[in-house]
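Here is a walk through one metal site and the part of the fold next to it. Have the model open as you read.

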Amino acid sequence: MENCVFCKIMAGEIPSTKVYEDEEIVIFKDIEPKAKIHLLCVPRDHFALLSEADDARAALLGRTLKKIGALAPSLGLSDGYRLVVNQGENAGQTVHHLHIHILGGQSLPWE
Ligand code: AMP
Ligand code: ZN
């Protein structure tokens, strides 16, 4: 997708520190980390919002969550982690390509 920073990262047009990739997702380090470990898990399929998910995308997202669970120990997240999906303006979504923030490597404040 034109002018999408995550599509450009996946196309190799913008550098990133990738920690995992396969045919349908890429996981790389967030450039402005909000925790000791802050990764972004990005489906290769370009869509911005969960409301755009059809059955195929819903299945993709299910597989993606399962993969994050399986990969967590190898990503340094054995002690737990938090997933965040910002959606739209009120959540401050800045990149309009759906992504899952993976936060961990420390105790995470909740309140
Ligand atoms: P969101 O606010 O949920 O849309 O999150 C977008 C995230 O993408 C932010 O945490 C940014 O720090 C991150 N980000 C933006 N550009 C890059 C980049 N070139 N490489 C890595 N992370 C990025
Ligand atoms: Zn994109």
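## The zinc site and its surroundings

Let's start with the metal: the zinc ion (ligand 2) is held by Cys4 (SG), Cys7 (SG), His46 (ND1) and His97 (ND1), at 2.0 to 2.3 Å. Keep in mind that this is a predicted model. What angles do the 4 donor atoms around the zinc ion (ligand 2) subtend? They run from 105 to 116 degrees, so the arrangement is tetrahedral. For four tetrahedral donors, the ideal angle at a metal is 109.5 degrees.

Along the chain, the donor residues of this zinc ion (ligand 2) follow the spacing C-x2-C-x38-H-x50-H. Cys4 sits in the segment before α1 (5–10), and His46 comes from the loop between β3 (37–43) and α2 (55–71), so this pair ties together parts 42 residues apart in sequence.

| Residue | Relative accessible area | Class |
|---|---|---|
| Cys4 | 6% | buried |
| His46 | 22% | partly exposed |
| His99 | 5% | buried |

The cut-off for buried is under 20%, so His46 at 22% counts as partly exposed.

Now for His99 itself. You'll find His99 in the loop between β4 (81–84) and β5 (100–104). A polar atom of the His99 side chain lies 2.7 Å from the backbone oxygen of His97, and His97 is one of the zinc donors. Leaving out residues up to four places away in sequence, His99 touches Phe6, Leu40, Cys41, Val42, Val84 and Val85.

Next comes β5. Is this strand enclosed or open? 5 of its 5 residues are buried, so β5 is largely enclosed by the rest of the structure. Side chains in a regular strand alternate between the two faces of the sheet. Here Ile100, Ile102 and Gly104 point one way from β5, while His101 and Leu103 point the other way, and all are buried.

Which strands pair with β5? β3 runs antiparallel to β5 and is joined to it by 5 bridges; in β5, Ile100 is the bridge partner of Cys41. β4 is antiparallel to β5 too, with 4 bridges joining them, and there Ile102 is the bridge partner of Leu83. Cys41 also turns up among the residues that His99 touches.

Note on methods:
Residues numbered from 1 in each chain as written. Chains lettered and ligands numbered in written order. Predicted model: local features only at pLDDT ≥ 70, side-chain atom pairs only at ≥ 80, totals over all residues. Heavy atoms only, no water. Donors = N, O, S within 2.8 Å, 3.2 Å for Na, K, Ca; no water. Tetrahedral: all angles 85-135°; square planar, octahedral: opposite > 155°, others 65-115°. Helix = DSSP H or I, 4+ residues; strand = E, 2+ residues; numbered from the N terminus. Buried < 20%, exposed > 50% of the residue type's maximum accessible area, 1.4 Å probe, protein only. Polar contact = N/O pair within 3.5 Å; in protein donor to acceptor, adjacent residues only side chain to side chain. Contact = heavy atoms within 4.5 Å. Pairing = 2+ DSSP bridges.
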